[in-house]
Amino acid sequence: MSDEALDAVERSMVRLRRGMSRQRLGKAAIRDHNLPVDVQVLHVVDVVDEGPDRPGEEMSVGLVAGRLGVDASRGSRIVAEAVKSGYVRRVASQEDGRRIHLELTDAGRSVVEATRRTRQEHFAMAMGDWTAEERAEFARLLGRFVHSYEG
């Protein structure tokens, strides 16, 4: 990649991260769907919806905290808030009854669908003048970038 292209990608990613850190989409979902929750609860619901990293792994508070980039104590508090809000439930592990894993409730799945609709509406507006081919190519390249970056 040329230095110019790399510079453009880096600047764009920083702008995107700043926009995401302001939690614009989460706040829009809360407003659009009249959800009585904190944005952090929406993040927990999204993480639980993503599921575990590996087959056989279960969603835990530690996994949620790690994905959100918070310490275990903070992760425990925001998971507890998601449970209290009725979007996530704690369930005894099938592997080891002493362990607890997390899963979405029906209300949690409804929140996931509502927030997805909001995000997709915002993304559709941003790509409103793109062709179907441009959207498909962007989706392919972005998926490839994320896979390489996380891998």
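How many aromatic pairs does the count come to by the rule used here? The count comes to two aromatic pairs, where rings of Phe, Tyr and Trp (its six-membered ring) pair if their centres lie within 6.5 Å.

The structure is a predicted model, in which local features need pLDDT of at least 70 and side-chain atom pairs count only at pLDDT 80 or more, while totals for chains, interfaces and linings use all residues. Residues are numbered from 1 along each chain as its sequence is written, and side-chain values use heavy atoms, with hydrogens and water left out.

**Aromatic pairs**

A pair of aromatic rings is described by the distance of the centres and the angle of the planes. Planes under 30 degrees apart count as stacked, over 60 as edge-to-face and the rest as tilted.

| Pair | Centre to centre | Angle between planes | Class |
|---|---|---|---|
| Trp-130 and Phe-138 | 5.3 Å | 90° | edge-to-face |
| Phe-145 and Tyr-149 | 5.8 Å | 15° | stacked |

For accessibility, buried means under 20% relative accessible area, exposed over 50% and partly exposed in between, with a 1.4 Å probe and protein chains only. In the edge-to-face pair, Trp-130 is partly exposed at 29%, and Phe-138 is partly exposed at 39%. In the stacked pair, Phe-145 is partly exposed at 34%, whereas Tyr-149 is exposed at 67%. Phe-145 and Tyr-149 both belong to helix 7 (residues 132–150), where they are four residues apart, about one turn of the helix; helices here are DSSP runs (H or I, at least four residues) and strands are runs of E (at least two), numbered from the N terminus.

**Helix 3 and helix 4**

The axes of helix 3 (residues 39–50) and helix 4 (residues 61–68) come within 10 Å and cross at roughly 115°, the axes being lines fitted to C-alpha atoms over the stretch in contact and the angles running from 0 to 180 degrees between N-to-C directions. The two helices are therefore roughly perpendicular to each other, a class that covers 65 to 115 degrees. His-43, Val-44, Val-47, Val-48 and Glu-50 of helix 3 make the contact with Val-64, Arg-67 and Leu-68 of helix 4, contact meaning heavy atoms within 4.5 Å.

Within helix 4, the buried residues are Leu-63, Val-64 and Ala-65, and the buried residues of this helix pack against helix 3, helix 5 (72–84) and strand 2 (100–104). Just after helix 4, Gly-69 adopts a positive phi of about 70°.

Terms used: Parallel < 35°, antiparallel > 145°, perpendicular 65-115°, else oblique.
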